[in-house]
Amino acid sequence: IMDRYAIDHEKAQLLQEEVELEGDALTRAETYYPQIEDLERAYQRGEKKPKVLLLTNPHNPLGICMPKSVLDGLVEWAMGKGMHVVSDEIYAGSIHGQGFYSLAGEASKNQNVHVVYALSKDLGASGLRVGALLSSNEEVLAPVRKLNDLCQVSSTTQQLVEKMLGDKEWVAGFLKENMRLVRRRYERVLEACNKAGIKYLECDGGLYVWLDLRPWMREGETEKDLGSRLIKEHGLLMTPGESMDMRCDGFFRLVFTAVGDAEFELVLER
């Protein structure tokens with residue numbers, strides 16, 4: 001049965017569509033929403049027609065949440081092509097603003113829509129290695145159950161997670177307080193950026209901010225050069241956009257939750 005559901009990675013094809021963007025458009029959320037016309041061009045260009053549309057919502061590294069109208073349009077387009085939609089919602093509980101819409105409701109009634117989640121981000125429990133799939137499609141669930149035989153969550157971990165998630169009052173309180181603290185840091189980062197004249201992408205979710213550092217790139221300098229200079233001269237380590245397939249140099253993801261309060265204040269000072 002494992003052979004039946006094995007993936008032939010050599011035959012798998014990832015379709016990408018180049019979209020020309022420039023100027024201030026790169027710091028507006030709607031710029032990054034998937035457009036049906038772009039998806040259609042990529043679909044028609046593929047030698048083999050794609051079977052799955054992968055979404056990340058809330059987005060990483062942008063932190064934006066796609067509106068319901070956008071998600072509904074994407075699902076409708078994919079269904080018209082006979083495709084599946086997989087929505088990665090690992091930051092679903094890390095919403096410090098407003099506007100998040102989950103496809104969980106759609107997944108419970110549409111056999112071609114699926115949602116994946118994990119405890120790593122919202123509950124800070126990456127060490128537990130616990131994930132979840134929400135699907136109403138038995139043809140999808142069956143092979144996943146077999147794959148689980150190779151990467152089972154230990155009985156001890158299952159007992160711990162069951163006890164933790166079973167306390168709904170504690171979970172609700174934890175998420176509420178966590179998002180209060182995340183929002184406070186997010187606002188402090190934006191305040192520092194405004195003071196320094198750094199443009200950024202406003203967001204509602206995630207634990208990071210997408211920064212536009214193009215004006216700080218020296219003549220002949222690459223994004224990698226700028227990243228190295230930030231480390232050597234200022235002690236700042238940020239994720240370069242190139243590593244996340246950003247096609248325009250000068251964008252970085254600043255994670256603002258990975259250090260303590262003292263270190264965070266030092267980051268803002270620098």
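These are my notebook entries on a predicted model, taken region by region.

**Entry 1. Confidence**

I began with the confidence values. The mean pLDDT of the protein is 90. I noted that 91% of its residues reach 70 or more. Residues 1–10 have a pLDDT below 50. Beyond near neighbours in sequence, that stretch has six contacts in the model. Where pLDDT is low, the predicted coordinates should not be read in detail. I left the stretch there.

Next I looked up strand E6, residues 208–212. Is E6 enclosed or open to the outside? Five of its five residues are buried, so the strand is largely enclosed by the rest of the structure.

I then checked which way the side chains point. Tyr208, Trp210 and Asp212 point one way from E6. Val209 and Leu211 point the other way. In a regular strand the side chains alternate between the two faces of the sheet. Residues on both sides of E6 are buried.

Which strands pair with E6? Strand E5, residues 199–201, is joined to E6 by three bridges, and the two run antiparallel. E5 and E6 form a hairpin, with six residues between them. Gly206 sits in the turn and has a positive phi of about 85°.

Strand E8, residues 251–255, also pairs with E6 in the antiparallel sense, over five bridges. In E8, Phe251 is the bridge partner of Asp212. Asp212 is one of the buried residues of E6.

**Entry 2. Asp122**

I went to the loop between strand E3 (113–118) and strand E4 (131–134), where Asp122 is placed. Asp122 is buried yet has no salt bridge. Which side chain of opposite charge is nearest to Asp122? It is Lys121, 9.2 Å away. A salt bridge needs the nitrogen within 4 Å of a carboxyl oxygen.

What do the polar atoms of the Asp122 side chain meet? One lies 2.6 Å from the backbone nitrogen of Gly93. The side chain also makes a polar contact with the side chain of Ser94, at 2.5 Å.

I listed the contacts of Asp122, leaving aside neighbours within four places in sequence. They include Ile90, Tyr91, Ala92, Gly93 and Ser94. Tyr117, Phe174, Leu175 and Asn178 are also in contact with Asp122.

Ser120 is in the loop between E3 and E4. Its relative accessibility is 19%, so Ser120 counts as buried. The cut-off for buried is under 20%. Leaving aside neighbours within four places in sequence, Ser120 is in contact with Ile90, Ala125 and Ser126. Ile90 is also among the contacts of Asp122.

Ala132 lies in strand E4. I found it partly exposed, with a relative accessible area of 45%. Outside four places in sequence, its contacts are Val115, Val116 and Tyr117. I also checked Ala132 against Leu226. They are 94 residues apart in sequence, and their C-alpha atoms are 38 Å apart in space.

**Entry 3. Salt bridges**

How many salt bridges are there? The count comes to 13.

Lys81 forms a salt bridge with Glu40, with the closest N and O atoms 3.0 Å apart. The pair links distant parts of the chain, 41 residues apart. Lys81 is in the loop between helix H2 (68–80) and strand E2 (84–88). Glu40 is in helix H1, residues 36–45. Lys81 is partly exposed at 27% relative accessible area. Glu40 is partly exposed too, at 24%.

Glu177 and Arg180 meet through their side chains in a salt bridge of 2.7 Å, N to O. Both lie in helix H6, residues 168–196. They are three residues apart, about one turn of the helix. Glu177 has a relative accessible area of 36%, so it is partly exposed. Arg180 is partly exposed at 42%.

Asp245 and Arg247 join their side chains in a salt bridge at 3.1 Å, N to O. Asp245 is partly exposed, at 42% relative accessible area. Arg247 is also partly exposed, at 46%.

Methods:
Residues are numbered from 1 along each chain as its sequence is written. This is a predicted model: local features need pLDDT of at least 70, side-chain atom pairs count only at pLDDT 80 or more; totals for chains, interfaces and linings use all residues. Side-chain values use heavy atoms; hydrogens and water are left out. Buried means under 20% relative accessible area, exposed over 50%, partly exposed in between (1.4 Å probe, protein chains only). Helices (H or I, at least four residues) and strands (E, at least two) are DSSP runs, numbered from the N terminus. Two strands pair if DSSP finds at least two bridges between them. pLDDT is the predictor's confidence in each residue, from 0 to 100. Contact means heavy atoms within 4.5 Å. Lys and Arg count as positive and Asp and Glu as negative; His and the chain ends are not counted. A polar contact is a pair of N or O atoms within 3.5 Å; within protein, one must be able to donate a hydrogen and the other to accept it, and residues adjacent in sequence count only if both atoms are side-chain atoms.
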